[in-house]
Amino acid sequence: EGQELYGDTPTIRFFGEIEKMRAQGKDSYNPEDFHYFDGMNIAVKEELDAFLNSLDHSNTLTSVDFGCGLGVHARYIAKNFNTVVHALDYSPHLTEANRKINELCKLDDKVLAFASDAV
């Protein structure tokens, strides 16, 4: 049944972990809560910080994250910079999981996830 709903084993495990958190009474989430599934390499974080800090953030920026997977980079950018991120991934299963994490982290108004091909 889970295979039909979510499509692949990692995504099924992800939704299982969310259910465990809820069963333990967790009712508010941060992107860091999903580090086990959705961690960011420290070198990538440093490069993102350097690039994004060089931009003018006086107005809300719009970014696109192609091949976003679960959306770790999109959420990081949206949370730490005045940015709305359009997160695109080919996999509808990863996109659904991405949307769920965004919703749980209250970032669904800043990270807009789409299942799409970049072509």
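Let me start with a cysteine: Cys-105 counts as buried, at 10% relative accessibility. Buried here means under 20% relative accessible area, taken with a 1.4 Å probe and protein chains only. Cys-68 is buried too, with a relative accessible area of 7%. A search of the whole structure finds zero disulfides, a disulfide being a pair of cysteine sulfur atoms within 2.5 Å.

Some housekeeping. This is a predicted model, in which local features need pLDDT of at least 70 and side-chain atom pairs count only at pLDDT 80 or more, while totals for chains, interfaces and linings use all residues. Residues are numbered from 1 along each chain as its sequence is written, and side-chain values use heavy atoms, with hydrogens and water left out.

Now the confidence. Mean pLDDT, the predictor's confidence in each residue from 0 to 100, is 84 for the chain, and 87% of the residues reach 70 or more. Helix α1, residues 2–6, has the lowest confidence, with a mean of 45. Strand β3, residues 111–115, has the highest, at 96. Over residues 1–6 pLDDT stays under 50, and the model has ten contacts for them beyond four places in sequence; a contact means heavy atoms within 4.5 Å.

On to the fold. The chain has six helices and three strands, arranged along the sequence as α-α-α-α-β-α-β-α-β. These are DSSP runs, numbered from the N terminus: helices are H or I with at least four residues, strands are E with at least two.

How do the strands pair? Strand β1, residues 61–66, runs parallel to β2 over six bridges; pairing requires that DSSP finds at least two bridges between two strands. Leu-61 stands opposite Thr-83 in β2. With helix α5, residues 72–80, β1 and β2 form a right-handed β-α-β unit. Right-handed means that, with the strands pointing away from the viewer, the path from the first strand over the helix to the second runs clockwise.

Strand β2, residues 83–89, is also parallel to β3, through five bridges. The chain passes from β2 through helix α6, residues 92–104, to β3, and this β-α-β crossover is right-handed. Across that pair, His-86 stands opposite Leu-112 in β3.

Last, the chain totals. Of the 119 residues, 36% are buried. Among contacts with a separation of 6 or more, 60% come from residues 24 or more positions apart. The chain exposes about 7200 Å², with 52% of it supplied by carbon and sulfur atoms; accessible areas come from the Shrake-Rupley method with a 1.4 Å probe, and for residues only the protein chains shown count as cover.

Methods:
Buried < 20%, exposed > 50% of the residue type's maximum accessible area, 1.4 Å probe, protein only.
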